[in-house]
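Please view the sequence and structure below before reading on.

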Amino acid sequence: MKKYTDYILTQAKNLLDIDSPSGFTEKVKDYLLAEYRSLGYHPKETVKGGVLVDLGGEDDGLLLAAHVDTLGAMVAEIKSNGRLRLTNVGGMMPQNAETENCRVYTLDGRVYDGTCQLEDASVHVNSKYRDTERNYDTIEVLLDEVVKSKEDVLALGIMNGSFVCFHPRTVLTPSGFIKSRFLDDKLSTAILLGYAKYVKEEQVVLPRKVYQHITVFEEVGHGGCASVPSDVTEFLSVDMGCVGKGLECTEQQVSICVKDNGGPYHYHVVKKLIETARREGIDFAADIYPHYGSDADAALSAGADVRHGLIGPGVYASHGYERSHRDGVENTLRLIAAYLS
């Protein structure tokens, strides 16, 4: 699986380089359509802007889902001094946005650089710097343009609703770690691309119909609510596995979620995933995620009559500057391949 893991990490880097907060995913969607076509598939764009792919097989459909939308922000107000007040998109925490470089996109395609800072951000000037609560009323974006008024900013084409995208700062270390914002869930999207490549190049005969759906509204709660093919009886989300206090998973493992905010995952799916991992010697952990929801949860909430499961590579520091490892990627890919063999 090494060559497919290498491909996955390359694709993850490529995806992370494309800004795509929820609601602003057209460019990354176009990239995915082109990549699936290069692998020999015939992907379709959903009405909501996601990507749906038929990998082959017959009967008893299974849908693999990952999401390519990320956290971000939008301009909520242009201040009289030319600085920008934000509203978050998804769960972008203000504490994690502070001091980050960002890009601001206009409706006509212009892009401007900026930095998100606390108001009055100089420690040598602001005696209340340490005591100020970080929220979206106390942080702001300073554009890297000479602007001194609201009118100056409007002249650039920036307006309320312009998307603000934070730099991912992606790093692949010699020891196998991948560090970046937005590994949730671009790393798992890359894993699905890797599995699609594996199926095609190894001429895998799938024992059931298998689809992949790359969703684009997961971070705001409705990514997996639609576009579930009518023959699908099982929905397997491939999303980040949680790493943290009270959980067993590490970044080198594939995590099998047994329960999240939406309740337990389907018993027979979880049981089969664990049995498969044990049989194949795949390094895994089974965990309960205390603050989590997946595309599989969204599909069931929307009325899909399917069995559901959730797996993914271990990712530390979710919704912040995240970290995973190529071993976790490979273990996730191995589990998908074995589960569907």
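Leaving aside residues up to four places away in sequence, Asp184 touches His67, Asp69, Glu219, Asp239, Met240, His319 and Glu322, where contact means heavy atoms within 4.5 Å. The model is a predicted one, in which local features need pLDDT of at least 70 and side-chain atom pairs count only at pLDDT 80 or more, while totals for chains, interfaces and linings use all residues. Residues are numbered from 1 along each chain as its sequence is written, and side-chain values use heavy atoms, with hydrogens and water left out.

**Annotated site**
- An unreviewed UniProt entry places the feature "binding site" at His67, Asp184 and Asp239; such annotations may be inferred rather than shown by experiment.
- These residues span 173 residues in sequence, yet no two of their C-alpha atoms are more than 8.1 Å apart, so they gather at one spot.
- His67, Asp184 and Asp239 also belong to the lining of the largest pocket (a pocket is an open set of points on a 1 Å grid over the protein atoms alone, with protein on both sides within 12 Å along at least five of seven lines; lining residues have an atom within 4 Å of a point).

**Asp184**
- Asp184 lies in helix H5 (residues 183-201); helices are DSSP runs (H or I) of at least four residues, and strands (E) of at least two.
- Asp184 is buried, with a relative accessible area of 7% (buried means under 20%, with a 1.4 Å probe and protein chains only).
- The side chains of Asp184 and His67 are joined by a polar contact of 3.0 Å (a pair of N or O atoms within 3.5 Å, one able to donate a hydrogen and the other to accept it; residues adjacent in sequence count only if both atoms are side-chain atoms).

**Asp239**
- Asp239 is found in the loop between strand E13 (232-238) and strand E14 (241-243).
- Asp239 is buried, at 3% relative accessible area.
- A polar contact of 3.4 Å links the side chains of Asp239 and His67.
- Beyond four places away in sequence, the residues that Asp239 touches include Asp185, Ser188, Tyr292 and Pro313.

**Cavities**
- There are 3 cavities of 30 Å³ or more (a cavity is a set of grid points where a 1.4 Å probe fits but cannot get out).
- The largest cavity has a volume of about 70 Å³, a volume being the space filled by probe spheres set on the points.
- Of the 14 residues lining the largest cavity, Asp19, Ser20, Thr70, Phe166 and Phe182 are the closest to its centre.
- Strand E9 (residues 163-166) gives the largest share of this lining, 3 residues.

Terms used: Buried means under 20% relative accessible area, exposed over 50%, partly exposed in between (1.4 Å probe, protein chains only).
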